[in-house]
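Please consult the sequence and the coordinates together while reading the explanation that follows.

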Amino acid sequence: MKNTQYFNDLSKIFFLCAAFGFLLVSVTGCKPNALITDLRVEYAKNPVGIDVSRPRFSWKMEATKRGAAQTAYSITVCADKAAKTTVWNSGKVASDRSVHIAYGGDALKASTRYYWKVDVWDRNGKKLSSSEPAFFETGLMDAGWDGARWIKANPLLFSKSDDVSDRYAIDMEAGNTAGKDYRITDRDSVYLMEAPMFRTEFELSKPIRSARIYASALGIYDVFINGQRVGTPDGNGNYIYDEFKPGWTGYNKTVFYSTYDITGLLKNGKNAVGAYVFSGWWRGAIGHNRYGSRPSGFIAKLQIEYADGSTSTVVSDPATWKSAVGSPVRIGDIYSGESYDARKESDWSTPEYVASTWLPAETCSDFEGTIKAFTGPAVQVRPELQRLPVKIVKYDGVSKSNSTHGTVNVKETYDRQTAVSLKKGETLVYDLGQNMVGWIKIRLKGVAGSRVKIRFAEMLNDTGDDSRGNDGPGGSLYTRNLRSAKAMIHYTLKGDPKGETYNPSSAFFGFRYCDIVATEDVQIESLVGEVVGTAAEETASFVTDNKSVNQLYSNIQWGQRGNFLSIPTDCPQRDERLGWTGDIQVFGRTATYNASLPTFFQKWMGDMRDSQDAEGAYPDASPRLWDGGGNVAWAEAGLVIPWITYLMYGDIAILEENYESMTKYMGFLASQSDDKYTYNGARTAYGDWLAYLPTETRYISVAYYAYAAQLMEKASKALSKNKNDSYDRNAADYRTLYNNIREEFQKRYILPDGKLEQNTQTAYLLALRFGLMPDSEKENVIKTLEKMIADNGDRLNTGFVGTGSLNQTLSDVGLNNTAYNLLLQRENPSWLYSVDQGATTIWERWNSYTKDTGFGDAGMNSFNHYAYGVIGEWMFRFMAGINPDENNPGFKHIILNPTPDFRTAFPKGQERINRVNASYNSCYGTIKSTWEIDGKQVRYDITIPANTTATLVLALNGATDKVYEGNTAAGEAQGVVSFSQNDRQAVAELESGTYSFTVK
């Protein structure tokens, strides 16, 4: 009783204080000195449906004064919003930690919402209390599915057709799929091109307090309640929808379920729930027949709590659910696209619908793995990234010219969004101005039965000439690089005189351009490009005084946005879109600057563990689609991703969760010895992929074996809690392993004159990056690498592996000028070369398209392929100088070592970068690093978030340089804990706050 009264009084006091504080801020325009904000559980704001027995809490302190820090915290978790029933109170804990604080109370109940708040004490002993509403809701936990069963469509619904695949391919290409059925049935299997539908009805006879649906599928699915699509309420009467649920996993072991609040969708009396399931990654062409031709499956549980406290459930069960085919989505496939017949739209998911022709669903027994609560940011439409047309061209036929295919006969051109009449025989080409991934949302009018075909492409044919790689008339869509992916939409109008709006739901496209043709005259009222992908919170900005570098960073961002869709994919336009491990091994660190990805990587590492083979080898692509794997610089992603996630977010859990798997991989590497050498490293299928000058693949494997040993030593040290515990002993063993590999490497690859047997940029980069050279030869190796790049015209000749180590290693060994030369190089190969060719994303090849020669080999020529965006890591870590501290990860302590462009000589066509302005929103708050060169002085403006500290390292020209903070000598400024300098650099230990340093 006392406890209840305490919380009632506390709530009143808190409300009055909050109201007074708001009034004060409103009247005076002042802000309080410190606030507790951004409350999260397992990285998410107010998550629903988490299956974590000891969820972790995080928050941020925002403060205006320097030196603001937390000295203690107290977390309170309650069972009700009014805070009358305390579930757990941590008590006052003397700690400056504000991330990953684990729940410590009694076992949490399944399907239950909990509310929480945090109190923080600052350095002056002042108590600060969180004010934002904060809750988390558990999922099914160990409560189970209450008899919910996997169901599939009744095979009696399907007619036999042995040539379905051939007919589908022919009709899809010709645009004649609308209104046709493509299905095949025999006694052993069911293969269905269109989406099966499932539904059931139930009745509610009393008021409800809350309701949830838990659902999953083999394939990708959508759920509807009483005719309304199920999503997450946004608090404003609208819903945020997740796409491509439940996400791509290794279906033989794991599938996710999602949880949704459906309270607002239910009503007294009859209710209906419906779902349809597309082929997706389970059964579509993208699955490469990994799971065979088994039908789609669906499982669901609705849990309803009534106002009187009683509960009931509705579960998927063949006895109570029906199935049918014949939805408007006639065909839905990730590679091929979608065929949609709007005439078939109906109220099939409402209780009023008469389902007399539907047949009972059947039991689906094709899944034998584990159903887990969804992990990671969902795939969603990202409205803030929506693209409007920058150009619309209408053409009719082809004008003959000297080129192979001629050029399109342009009739009209528009430079903005506008309604356009499209006649039969004409073609509209929309330019969205940005290579992107997602789909289009189109609004159009026409008579019922009219069909429009929409194709997607990243590029337009330029001259129409075969010699330039064109596959059609100049001005038309270039689709050859899609390979076998059809990437089309076929839409049949229902003839609504008010107009009809459509976007697909079963397929995504990689495109900048789309074209439209119609079987009858139609009016295209509007078309927008909707970006669809993993909705990870973007955490960075990077701006310089060089427009081309700014475009490069934009390209890196858009490449990541397009390729992070449930998994880290690649080439999201063609018949690939797979989770290649080599790409993310290279790009992972860049990715963690651009967006908040801890749960994204946690999920994907689950895929890696599910895909690891009996030998311990990680796959080349995850989720695994074929046997094999264990190839150098691809398989090591299984070690690299956990380490960088720990480093960037301070999350020890990802190392704990994956350590056994990582150890198994090291066992696989150890098994690769032969009669001649003990330390061979991984298999060698890819090497320095797409390098202009190749490096022996075994050399790369040995070097990466040393890298793997280094990572395992670091991970073991991070996990060790006591000296001489098992992790500590493992760390020592991995250090010994590294030394042994290093010794054998030197015998194997270093020539008598101290140079490397492999005379490539990549070979020298790896030897330096992994510390494989004798100390006595290091300076000579650095000079050799510097000369090697200069003699190549200040150009790289590296592939995925070498480029992944390039600029970072150069700056690590003091070759900052060479690194800047490479960044600003405009000749092929270079980062700005593709920018100059018009790139708006990172390309698979440096010269995927050139203005001089046209398109590269279409067999492997993606215009959205993020690996070479690894330069973004160097931009943040060295140009801006924003780095975590390995000894205090997650940016609790920050290493700030900005590296301005101090070059005094420039390659032809280059100019100095004089200004960089970067920011990164860490788990503790936003870090800012800006520098500007002004004559002989450099100004550095930095922000260190509250409750963190930083080591600032500034480059000096000599011992006579002076360093000031504002107008005060740096060593005497408030917040500067210590300061020292020599003739090369100044080092300051800083408390949190905003500073402005000048080196004169």
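Helices H6 and H7 are roughly antiparallel to each other, since their axes cross at roughly 160° and angles over 145 degrees count as roughly antiparallel, under 35 as roughly parallel, 65 to 115 as roughly perpendicular and the rest as oblique. The two axes come within 10 Å; axes are lines fitted to C-alpha atoms, for helices over the stretch in contact, and angles run from 0 to 180 degrees between N-to-C directions. Helices (H or I, at least four residues) and strands (E, at least two) are DSSP runs, numbered from the N terminus. The model is predicted, so that local features need pLDDT of at least 70 and side-chain atom pairs count only at pLDDT 80 or more, whereas totals for chains, interfaces and linings use all residues. Residues are numbered from 1 along each chain as its sequence is written, and side-chain values use heavy atoms, with hydrogens and water left out.

H6 passes H7 in a left-handed crossing, a term that applies if the near helix is turned anticlockwise from the far one by less than a right angle, clockwise being right-handed. On the H6 side, Pro598, Phe601, Trp604, Met605 and Met608 are in contact with Ala637, Gly638, Ile641, Pro642, Thr645 and Tyr649 of H7, contact meaning heavy atoms within 4.5 Å. By class, this contact has nine nonpolar, two polar and no charged residues; Ala, Val, Leu, Ile, Met, Phe, Trp, Tyr, Cys and Pro count as nonpolar, Asp, Glu, Lys and Arg as charged, and the others, Gly among them, as polar. The loop between helix H6 (598-611) and helix H7 (637-649) holds Pro623, and the peptide bond that joins Ser622 to Pro623 is cis, with omega about 5°.

The contact of H9 with H10 has 15 nonpolar, three polar and five charged residues. Among the residues that meet are Arg698, Tyr705 and Glu713 in H9 and Tyr727, Arg735 and Phe745 in H10.

Helix H11 (residues 761-769) and helix H13 (residues 800-812) pack at an angle of about 60°, with their axes 9 Å apart. H11 and H13 are therefore oblique to each other, and their crossing is left-handed. Thr762, Leu765, Leu766, Leu768 and Arg769 of H11 make the contact with Val801, Gly802, Gly804, Ser805, Leu806 and Thr809 of H13. The classes here are five nonpolar, five polar and one charged.

Attention now turns to the sheets.

Strand E48 (residues 893-896) pairs with strand E52 (residues 949-955) in the parallel sense over four bridges, and His893 stands opposite Thr949 in E52.

A search of the whole structure finds 69 aromatic pairs. The ring centres of Trp88 and Tyr103 are 5.3 Å apart and the planes are at 70°, so the pair is edge-to-face; rings of Phe, Tyr and Trp (its six-membered ring) pair if their centres lie within 6.5 Å, with planes under 30 degrees apart counted as stacked, over 60 as edge-to-face and the rest as tilted.

Most residues other than glycine have a negative phi, and most peptide bonds are trans. His100, in the loop between strand E6 (93-94) and E7, has a positive phi near 60°. The peptide bond from Lys245 to Pro246 is cis, with omega near 5°, and Pro246 is in the loop between strand E19 (239-240) and strand E20 (254-261).

Definitions and conventions: Pairing = 2+ DSSP bridges.
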